[in-house]
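Welcome! Take a look at the sequence and structure below, and then we will walk through a pocket, an interface and some salt bridges.

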Amino acid sequence: MSITIKYFGAIAEATGVTEEKVALEEVGNSIEELRSYCLTKYGDVGDLSFQVAVNQSLTTSGSLKDGDEVAFLPPFAGG
Amino acid sequence: MKNKEPKKVFMAGPIPPEKIAKSIANHQSKTNIGAHSIFLGQVRADEIDGKKVNAIEYSAYEEMAEKAFHEIRESAFSQFDMTCCHIYHSLGTVKAGELCLFVFTSSAHRKVAIEACNYLVEEIKAKVPVFGKELFEDESHQWKVNQ
């Protein structure tokens, strides 16, 4: 039971990694728990603004399940 | 043009100006078109704290971004009576003065083409997970945020 976490842009710069696979029991079962897991693990992320996407859809809360892909996305800057 | 497979939007490096001319040429056989509208995003050499931006290095959450581009395009087709719609966005390094976004809409009449083009550009800026690293001349950088 694990999830994949992806980090982009300024967030990836703060974490030093772009992707990691983490056991669900380690992060908890919800987006809220995942956020606090990441903020504890990577303190610098707390200073940055970001949105979370689960399986490529933006979301602010909800539960996580085995195989989910969660992305931490800094402000968009396209165009 | 509706319900086609998602088109590839991203291209490596700057969008060559020749691509714009070629896109226009490609539509000359479609004589039901009466108006094209084009938006071109160009990298600006902003000066921040006395340092000049040399280039922007674009990256993206590509799978989500391609999906978002597709949804935006479908939504534009459902609202505007367009004949065609094309979107291209750069990934990787684009120097100041070079093009990073090309949105091209065509319709029978000008108002639809112009409004659809505006809609697409605003949606792209707000909803597509693309990230821009502004590279300064002294090799330092900062992360761009859309206004």
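**The pocket lining**

The lining of the largest pocket is made up of seven nonpolar, six polar and five charged residues. Here Ala, Val, Leu, Ile, Met, Phe, Trp, Tyr, Cys and Pro count as nonpolar, Asp, Glu, Lys and Arg as charged, and the others, Gly among them, as polar. Please keep in mind that this is a predicted model, in which local features need pLDDT of at least 70 and side-chain atom pairs count only at pLDDT 80 or more, while totals for chains, interfaces and linings use all residues. Residues are numbered from 1 along each chain as its sequence is written, chains are lettered from A in the order in which they are written, and side-chain values use heavy atoms, leaving out hydrogens and water.

**More on the pocket**

- The largest pocket has a volume of about 340 Å³, a volume being the space filled by probe spheres set on the grid points.
- Of the 18 residues that line this pocket, R44(B), D46(B), K125(B), K144(B) and N146(B) are the closest to its centre.
- A pocket is an open set of points on a 1 Å grid where a 1.4 Å probe fits, with protein on both sides within 12 Å along at least five of seven lines, and lining residues have an atom within 4 Å of a point.
- β2(B) gives the most to the lining, with three residues; strands are DSSP runs (E, at least two residues) and helices are too (H or I, at least four).

**Where the chains meet**

- In contact (heavy atoms within 4.5 Å) are 23 residues of chain B and 18 residues of chain A.
- About 1,700 Å² is buried between chain B and chain A, with carbon and sulfur atoms giving 60%; buried area is the accessible area (1.4 Å probe) that two parts lose on being put together, summed over both.
- Y61(B), M64(B) and F131(B) lose the most area on the chain B side, together 37% of what that side buries.

**Salt bridges**

- Over all chains there are eight salt bridges, each a side-chain nitrogen of Lys or Arg within 4 Å of a carboxyl oxygen of Asp or Glu.
- One salt bridge crosses the interface of chain B and chain A.
- E63(B) pairs with K6(A) in a salt bridge, their closest N and O atoms 3.8 Å apart.
- K6(A) also forms a salt bridge with E69(A), at 3.8 Å from N to O.
- E69(A) lies in strand β5 and K6(A) in strand β1 of chain A, so this pair ties together parts that are 63 residues apart in sequence.
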